[in-house]
Amino acid sequence: MKRRIIVADSDKQSARLIKNLLSAAGHEAAIASSFSECFTLVSLNTPDIVIIDPEFPLSDGIKAVKKLRGYGTFPIIAVSENGSERAVTEALDAGADDYIRKPFLS
């Protein structure tokens, strides 16, 4: 089943890697390089999944995860370099469904 997935990450290399892996698996993936772009994409076409780095530079990613949760019931997967217990707990408490630490193997 083809899924619509938004990859929200300011790290262009990470975002492209994730998008390429999803596309190779037969999914439709779009990259958002900012939170505002992510919210625009979500508003235009409700995704099946959002993959987001809650640590975008100069932004409050936890607030963004909370805001995304208000857009629908789609799964939100946090993907970040920060694997501290506090970061994971904050993301999950904000509404993320899971947390994956970078780097990860493809």
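Strands β3 and β4 run parallel and are joined by 3 bridges; helices (H or I, at least four residues) and strands (E, at least two) are DSSP runs numbered from the N terminus. The model is predicted, so local features need pLDDT of at least 70 and side-chain atom pairs count only at pLDDT 80 or more, while totals for chains, interfaces and linings use all residues. Residues are numbered from 1 along each chain as its sequence is written, and side-chain values use heavy atoms, with hydrogens and water left out.

In soluble globular proteins, nonpolar side chains tend to be buried together. A nonpolar core is a set of buried Ala, Val, Leu, Ile, Met, Phe, Trp, Tyr and Cys residues joined through side-chain atoms within 4.5 Å, where buried means under 20% relative accessible area, exposed over 50% and partly exposed in between (1.4 Å probe, protein chains only). The largest such core has 21 residues, and those with the most contacts inside it are Cys38, Val42, Val50, Ile52, Leu68 and Ile76. Two or more residues each come from β1, α2 (35-44), β3, α3, β4 (76-80) and α4, and α2 gives the largest share, 4 residues. Leucine 68 touches Cys38, Phe39, Val42, Val50, Ile52, Phe74 and Ile76, not counting residues up to four places away in sequence. A second, separate core of 9 residues includes Ile5, Ile18, Ala29 and Ile51.

Charged side chains form another set of links. A salt bridge is a side-chain nitrogen of Lys or Arg within 4 Å of a carboxyl oxygen of Asp or Glu, and by this rule the count comes to 4 salt bridges. One of them joins aspartate 9 and lysine 102 at 2.6 Å, N to O. Aspartate 9 lies in the loop between β1 (4-8) and α1 (12-24), and lysine 102 in the segment after β5 (98-101), 93 residues apart. Lysine 102 also meets aspartate 53 in a salt bridge of 3.3 Å, N to O. Because aspartate 53 lies in the loop between β3 (49-52) and α3 (61-69) and lysine 102 in the segment after β5, this pair ties together parts that are 49 residues apart in sequence. Aspartate 53 counts as buried at 9% relative accessibility, as does lysine 102 at 5%.

Arginine 69 forms a salt bridge with aspartate 97, with the closest N and O atoms 2.8 Å apart. Arginine 69 is in helix α3 and aspartate 97 in the loop between α4 (85-94) and β5, 28 residues apart. Arginine 69 is partly exposed, with a relative accessible area of 25%, and aspartate 97 is partly exposed at 46%. Salt bridges that share partners join Asp9, Asp53 and Lys102 into one network.

Terms used:
Contact = heavy atoms within 4.5 Å. Pairing = 2+ DSSP bridges.
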